Amino acid sequence: MDFDWTTFILEIINFLILIWILKRFLYQPVLNVITRRREDIEKKLADAQRIEAEANELKHRNEQYLAEWEVKKENEQAQLNAELAALRESKLAELEVKITEEAQRRRVLDERRQADFQRLIEEQGIAQGAQFSSKLLSRLASPELEDRLYVLLLEDLQGLHEQNRHIVTEAMSEPGLHIKVQSAFSLDEQKRNELTRLLFKMTDRALPIEFHINPELISGFQIDIGPWILHANLRDELKFFSGALRHAG
């Protein structure tokens, strides 16, 4: 079999043309597709890495923010607890002061009520005692007791203090002055004359004297010389006794 160089060369040319065609229309587009796919993949990987880095950064920031928020929350909670504790202590102190003041006020009011009630009881007792004494002395009042009080009246007039004499002397300077003598029982002529002489001697003047009967005196006398009054009767003694008891209470 003879070797045909023409055919061999033509086959080589055909092979080269086939290679060019394959490279031109098949291999190069495949390479382009592969390149684009690689670039897309690399871009996606880069985006994924960037997103992962951003996510890690965001996570780190969030974790840091959460940590800071927890610390801030704990600090604010501690501050709030301290403020609440201080406010509670303040309110408790104010409440204790108010309770103490209210207790003190109630104690004062109770003491005042007790004192008022005690005073009322004492005044009622004094009034009842004075009323009982007045009724008793009214039943005991008699001309005999009047005579005894008359003797005491004469003794009081004769032993009058200098200060009272001075008051009587000043009272006599009033124009139209007269002496008023009141008695629970009627005075006989002898007692009137005796009392008149004693009063003239005490005043050194013959002043007009009026004699009146006043049963309210219970027993005894009352002599009025201007503003000066001499009490020598059971009514005024009872009033003085009741007033002294009220003052003492």
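Tutor: Let's start with R61 and E57, which form a salt bridge whose closest N and O atoms are 3.2 Å apart. A salt bridge here is a side-chain nitrogen of Lys or Arg within 4 Å of a carboxyl oxygen of Asp or Glu. Bear in mind that this is a predicted model, where local features need pLDDT of at least 70, side-chain atom pairs count only at pLDDT 80 or more, and totals for chains, interfaces and linings use all residues. Residues are numbered from 1 along each chain as its sequence is written, and side-chain values use heavy atoms, leaving out hydrogens and water.

R61 and E57 sit 4 residues apart in helix α1 (residues 5-140), so about one helical turn separates them. Helices are DSSP runs of H or I with at least four residues, numbered from the N terminus. R61 counts as exposed at 53% relative accessibility, while E57 is partly exposed at 38%; buried means under 20% relative accessible area, exposed over 50%, and partly exposed in between (1.4 Å probe, protein chains only).

E102 is partly exposed at 28%, and R105 is partly exposed at 42%. Shared partners also link D47, R50 and E54 into one salt-bridge network.

K91 and E94 make another salt bridge, at 4.0 Å from N to O. Across the whole structure, the search finds 9 salt bridges.

How values were computed: Helix = DSSP H or I, 4+ residues; strand = E, 2+ residues; numbered from the N terminus.
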